[in-house]
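Dear colleague,

Here is the structure I promised to pass on to you. My notes on what was found in it follow below.

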Amino acid sequence: MHSTYEELCSHARETAILSSVQAVLEWDERTKLPAAGGEYRAEQVTQLAGLIHEKQTSSQVGEWLEMLATSPLAADPHSETGAVIGHLRRDYEKKTKLPQSLVEELAHTAVMGQRLWAEARKEDDFSRFQPLLEKTLDLKRQEAAAVGFTDSVYDPLLDDYEPGAKTADVAQVLSELRNALVPLVEEIKGSDRKPNMKILTGDYPVALQEDFGKQVAEAMGFGFQAGRLDVSDHPFCTTLGPHDVCLATRYHEETLVGGLFSTIHEAGHGIYEQGLPAEKFGLPTGEAVSLGIHESQSRMWENLVGRSRAFWEQFYPVAQATFPAGFGDVSLDDFYFAINNVQPSLIRTESDEITYNLHILIRFELEIDLLEATLAVSDLPEAWNEKYRTYLGIEPPDDRDGVLQDVHWSAGLFGYFPTYSLGNLYAAQFFEKACQELGDLNDLFRKGQFEPLREWLRSNIHQHGQKYTPSELAQKITGKPLSHTALIRHLRGKFGALYNLPETT
Ligand code: ZN
């Protein structure tokens with residue numbers, strides 16, 4: 001039985017080599033490729049994707065998994081072998097349940113969808129995108145039906161990004177979060193304390209921003225001996241091999257913070273990737289648990305660490321010395337308040353630590369209604385605007401900055417949005433536990449000591465790969481299921497102090 005297991009693992013590692021080659025091509029496309037090279041690159045990537053899919057769905061894999069199903073190696077899902085067999089089986093079953101024609105139609109519609117979406121957005125014309133979105137929803141319903149579900153058509157789609165998560169549970173936690181956030185935003189709007197946002201704009205040479213960003217990423221514990229930082233219009237993190245983790249960020253001459261927080265966020269993802277066991281690369285036990293857990297790492301570093309006052313007690317003097325024209329005469333308190341400005345706004349990607357979650361909730365609620373066909377696509381723009389009025393008290397002036405602002409739905413990514421907020425929730429719950437176990441982390445951050453937190457994350461989360469599902473991980477680490485309470489405690493504490501809000505019980 002051991003030799004069957006070994007064969008299964010070598011096959012998975014071979015597939016991982018192809019996938020990592022694909023990752024190199026995609027990384028190059030997003031950071032270096034000249035525009036004229038795009039067409040041939042698309043051919044390369046399509047060819048590779050076909051080879052990878054063939055390997056992943058080969059009947060030989062099915063036979064190995066069948067033989068191993070009743071083996072003692074598969075008995076404990078949290079053991080090395082049990083986790084590998086369990087996850088490969090799950091992936092194999094999901095992939096082989098989808099008819100080839102549906103896979104191809106989904107891929108084709110995603111490419112067409114993104115193109116049409118970009119045009120519709122440019123012209124602020126939702127009706128141009130509407131038929132394509134209707135078709136995409138129809139295909140996603142077919143996909144869900146082929147994979148199978150008992151409760152919600154959304155379940156199998158969510159499961160792609162958040163293995164084991166159930167729509168009803170996520171909806172419960174997120175609605176409790178919404179019920180706590182909407183009044184908090186109202187309270188903040190009513191506060192007479194407001195940061196001076198002008199202090200964040202000035203003159204910040206890109207080369208110096210890059211040095212400063214690298215210095216911060218290195219202090220957090222991102223290893224540049226096994227990673228790099230490049231420039232891209234859309235910041236991202238990708239892994240090209242076991243010791244090759246690439247971050248990309250963007251810079252704006254007139255402000256430091258946009259680019260810097262992107263760098264911190266992506267470095268958070270990168271530290272997770274670098275903390276996975278390199279010798280298990282290509283096996284489920286060498287891979288990240290889920291998008292939600294991945295995002296918990298990036299958001300913990302970005303918001304709970306990077307937007308804390310203690311972090312800036314360490315780094316603000318460095319920033320002032322690096323950018324004297326920008327921050328020379330700005331106090332730490334004014335800077336700290338400005339980087340934590342809370343203000344309902346239209347665009348998700350530019351929103352603050354609190355209202356971000358409401359942007360996600362709106363999308364999550366709408367995409368469930370769309371998939372369950374309780375909301376017609378033709379009514380989507382109005383439903384979108386209605387939710388922005390109710391949750392954030394603002395209304396998009398057009399669809400371009402309203403329902404057409406995100407690429408996700410055009411690319412067929414349904415079930416993806418909630419993982420952003422799940423990330424915030426997991427981050428707060430893990431961070432609270434880390435503070436209980438490591439003592440006052442702020443004291444350490446003030447001295448520039450980030451290693452204890454990083455090592456805590458490594459031993460509690462990173463080193464396990466996919467041995468635990470996201471919800472098992474929350475239970476194992478914090479002794480509790482995921483809930484909104486830790487995040488609300490953090491947000492009330494931090495923003496209550498900044499905006500001078502009355503204490504609540
Ligand atoms: Zn992220």
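At 1% relative accessibility, Cys246 counts as buried, where buried means under 20% relative accessible area, exposed means over 50%, and partly exposed lies in between (1.4 Å probe, protein chains only). Please bear in mind that this is a predicted model, in which local features need pLDDT of at least 70 and side-chain atom pairs count only at pLDDT 80 or more, while totals for chains, interfaces and linings use all residues. Residues are numbered from 1 along each chain as its sequence is written, and side-chain values use heavy atoms, with hydrogens and water left out.

To stay with the cysteines, the sulfur of Cys246 has its closest cysteine sulfur in Cys237, at 8.2 Å, which is too far for a bond. With a disulfide taken as a pair of cysteine sulfur atoms within 2.5 Å, the count comes to 0 disulfides. Cys435, at 27% relative accessibility, counts as partly exposed.

Next come the cavities. A cavity here is a set of points, on a 1 Å grid over the protein atoms alone, where a 1.4 Å probe fits but cannot get out, and its lining residues have an atom within 4 Å of a point. Grid points are joined across faces, edges and corners, and a volume is the space filled by probe spheres set on the points. On that basis there are 3 cavities of 30 Å³ or more.

The largest cavity holds about 60 Å³ of space, and its lining consists of Trp117, Phe129, Arg363, Trp384, Val403, Asp406, His408, Trp409 and Phe417.

The second largest cavity holds about 50 Å³ and is lined by Arg299, Asn303, Leu304, Glu353, Asn424, Ala427 and Leu487. Two elements give two or more residues each to this lining, namely helix H11 (291–305) and helix H17 (418–438), and H11 gives the most, with 3 residues. Helices (H or I, at least four residues) are DSSP runs, numbered from the N terminus.

Helix H17 has 21 residues and reaches 30 Å from its first C-alpha to its last, close to the 30 Å expected at 1.5 Å a residue, the expected span being 1.5 Å times one less than the number of residues. Because 15 of its 21 residues are buried, H17 is largely enclosed by the rest of the structure. Just after H17, Gly439 takes a positive phi of about 85°.

With best wishes

Key:
1 Å grid on protein atoms, 1.4 Å probe; cavity = no way out; pocket = protein on both sides within 12 Å on 5 of 7 lines; lining within 4 Å.
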